[in-house]
Amino acid sequence: MARPSSVQIGRMSGFNNLNWDLLSHPDAEFTTKDNVFKIKIKSPTAVKTTFQLIQHAAGEKQIPEGVFVDWEKDDEISLRLALPEPGWYILHIFAKPIDDEGASLPGVFTYLINLTDIKKKVCPYPKQFADFKKGCLVKPRFIDVSKDLSKVPFKIRAPGGKAVAVKVGDEWFHLQNKGDSWEGDVRLEGVKGKDTKVTVNASMGDDSSQFSTLLLYNV
């Protein structure tokens, strides 16, 4: 597959407003043999962010389940990528300071990635909702249905959360607060092949009985 020629890569106009430092991948275009990897970005200020991963070989197909963002450190964004097959990929990153009340989320950087090999099995990342992108961290980052799902340990950091729970179908599993995280075991053995919704939910406001969805897993 030929290299995409029309895509604009690198820094966009909004990049300089963020004071970002591209820690792991400073070059906008790179080649890799690793289909599962992460891009680390130093972000000294809190941001709102989202992203768009496009597989060039599939007719510019979007693959939202192939990219996931979390904050392993308060000032460091980790963009985790799971690419399904060799070829060219385009990763658009959109961001702005968290105190920017404007409606739009501008593009700030675009990567062009040439994947030459497949080394690891790809499992789909969960869909992320707005509240998760405010500094949250979760384990597991995906659910591998080939594994034992009778007792899956969850550990979630949700800044500002008053309560956190995993919902499996209609059943709620409330996690226990342990310092700066919420932890607990969740039974998932009955979800394989049944199109059961598995979500992570948090109470972020004054009413602890009201939960918003942070993540929706692909099972």
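The model is predicted.

**Nonpolar cores**

The largest nonpolar core holds 29 residues. Those with the most contacts inside this core are Trp 20, Ile 39, Leu 79, Leu 81, Leu 91, Tyr 111 and Ile 113. Six strands each supply at least two of its residues: β4 (36-42), β5 (47-55), β7 (67-73), β8 (76-82), β9 (87-97) and β10 (107-115). The largest share, 5 residues, comes from β10.

Leu 79 gives a close view of this packing. Setting aside neighbours within four places in sequence, Leu 79 is in contact with Phe 37, Lys 38, Ile 39 and Ile 41 among others. Further contacts of Leu 79 include Phe 51, Val 67, Phe 68 and Val 69. Leu 91 and Ile 93 also touch Leu 79.

A second core is separate and has 27 residues. Among them are Val 138, Leu 149, Val 168 and Val 191. In soluble globular proteins, nonpolar side chains tend to be buried together.

| Largest pocket | about 240 Å³ | 14 residues | 6 nonpolar, 5 polar and 3 charged residues |

In the largest pocket, the lining residues closest to the centre are Phe 51, Pro 64, Glu 65, Lys 127 and Gln 128. Strands β5 and β11 (127-128) each give two or more residues to this lining. The largest share, 4 residues, comes from β5.

**Aromatic contacts**

How many aromatic pairs are there? The count comes to 10. One of them joins Trp 172 and Phe 211, with ring centres 5.5 Å apart. Their planes stand at 55°, so the pair is tilted. Trp 172 lies in strand β15 (residues 171-174). Phe 211 lies in the loop between β18 (198-203) and β19 (212-217). The pair therefore ties together parts that are 39 residues apart in sequence. Trp 172 is partly exposed, at 37% relative accessible area. Phe 211 is also partly exposed, at 27%.

One aromatic cluster is formed by Phe 15, Trp 20, Phe 30, Phe 37, Phe 109 and Tyr 111. Two of its members, Trp 20 and Tyr 111, are listed among the residues with the most contacts inside the largest core.

Is Phe 15 buried or exposed? Phe 15 has a relative accessible area of 2%, so it is buried. Phe 15 sits in the loop between β1 (10-11) and β2 (21-22). Beyond residues up to four places away in sequence, Phe 15 touches Trp 20, Leu 22, Val 108 and Phe 109. From C-alpha to C-alpha, Phe 15 and Ile 93 are 9.9 Å apart in space. In sequence, Phe 15 and Ile 93 are 78 residues apart.

**A buried serine**

Ser 181 is found in strand β17 (residues 181-186). Its relative accessible area is 4%, under the 20% cut-off, so Ser 181 is buried. Leaving out residues up to four places away in sequence, Ser 181 touches Lys 155, Ile 156, Arg 157 and Gln 176.

Definitions and conventions:
Residues are numbered from 1 along each chain as its sequence is written. This is a predicted model: local features need pLDDT of at least 70, side-chain atom pairs count only at pLDDT 80 or more; totals for chains, interfaces and linings use all residues. Side-chain values use heavy atoms; hydrogens and water are left out. A nonpolar core is a set of buried Ala, Val, Leu, Ile, Met, Phe, Trp, Tyr and Cys residues joined through side-chain atoms within 4.5 Å. Buried means under 20% relative accessible area, exposed over 50%, partly exposed in between (1.4 Å probe, protein chains only). Contact means heavy atoms within 4.5 Å. On a 1 Å grid over the protein atoms alone, a cavity is a set of points where a 1.4 Å probe fits but cannot get out, and a pocket is an open set with protein on both sides within 12 Å along at least five of seven lines; lining residues have an atom within 4 Å of a point. Grid points are joined across faces, edges and corners, and a volume is the space filled by probe spheres set on the points. Ala, Val, Leu, Ile, Met, Phe, Trp, Tyr, Cys and Pro count as nonpolar, Asp, Glu, Lys and Arg as charged, and the others, Gly among them, as polar. Rings of Phe, Tyr and Trp (its six-membered ring) pair if their centres lie within 6.5 Å; planes under 30 degrees apart count as stacked, over 60 as edge-to-face and the rest as tilted.
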